[in-house]
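Dear colleague,

Please find below the structure that I am handing over to you.

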Amino acid sequence: MAKVSVEQRIQSVQRYLNGYETMLEIAKDIGVTAEVVSEWVRRYQKNGVETFLKSYTKYSADYKMNVLII
């Protein structure tokens, strides 16, 4: 599967939601499966654009040390 940028994901979802193209057409165009596009659409409808933005989890030093010890 091709690496798809955040912008491409958002554009793909918007292309689908505008109703002019099918998931399969969009998927073929960007080099992913229709199932991937379907998942993007589902996530977008649930969480909006934020669903595609990276979120980094910040763990405390204590938590990190506990993980290393276990």
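**A buried valine in a loop**

At 10% relative accessibility, V32 counts as buried (buried means under 20% relative accessible area, exposed over 50%, and partly exposed in between, with a 1.4 Å probe and protein chains only). V32 is found in the loop between α2 and α3. V32 and V4 are 28 residues apart in sequence, yet their C-alpha atoms are 8.6 Å apart in space.

**How to read the values**

This is a predicted model, in which local features need pLDDT of at least 70 and side-chain atom pairs count only at pLDDT 80 or more, while totals for chains, interfaces and linings use all residues. Residues are numbered from 1 along each chain as its sequence is written, and side-chain values use heavy atoms, with hydrogens and water left out.

**The protein as a whole**

The secondary structure comes to four helices and zero strands; helices (H or I, at least four residues) and strands (E, at least two) are DSSP runs, numbered from the N terminus. The order of the elements from the N terminus is α-α-α-α. Of the 70 residues in the protein, 24% are buried. Among contacts (heavy atoms within 4.5 Å) between residues at least 6 apart in sequence, 50% join residues at least 24 apart.

**Helix α2**

Which residues of α2 are buried? In this helix, which spans residues 23-30, they are M23, I26, A27 and I30. Seen down the axis of α2, these buried residues fall within an arc of 100°, so they line one face of the helix; the arc is that of the directions from the helix axis to the C-beta atoms. As background, an α-helix has 3.6 residues a turn, so residues three or four places apart point the same way. On the other side of α2, K28 and D29 are exposed. The cover over the buried residues of α2 includes α1 (6-17) and α3 (34-47). After α2 comes G31, whose phi is positive, near 85°.

**Helices α1 and α3**

How do α1 and α3 pack, and at what angle? The angle is about 90°, and the axes are 10 Å apart; axes are lines fitted to C-alpha atoms, for helices over the stretch in contact, and angles run from 0 to 180 degrees between N-to-C directions. That makes α1 roughly perpendicular to α3 (angles under 35 degrees count as roughly parallel, over 145 as roughly antiparallel, 65 to 115 as roughly perpendicular and the rest as oblique). From α1, R9, S12, V13, Q14, Y16 and L17 meet W40, V41, Y44 and Q45 of α3.

E39 also lies in helix α3. With a relative accessible area of 32%, E39 is partly exposed. E39 and V13 are 26 residues apart in sequence and 9.7 Å apart in space, C-alpha to C-alpha.

T51 has its place in the loop between α3 and α4 (61-69). T51 counts as buried, at 14% relative accessibility. Not counting residues up to four places away in sequence, T51 touches R43 and Y44.

F52 counts as buried at 6% relative accessibility. Rings of Phe, Tyr and Trp (its six-membered ring) pair if their centres lie within 6.5 Å; planes under 30 degrees apart count as stacked, over 60 as edge-to-face and the rest as tilted. By this rule the count comes to one aromatic pair. The rings of Y44 and F52 have their centres 6.4 Å apart and their planes at 20°, so the pair is stacked.

Yours sincerely
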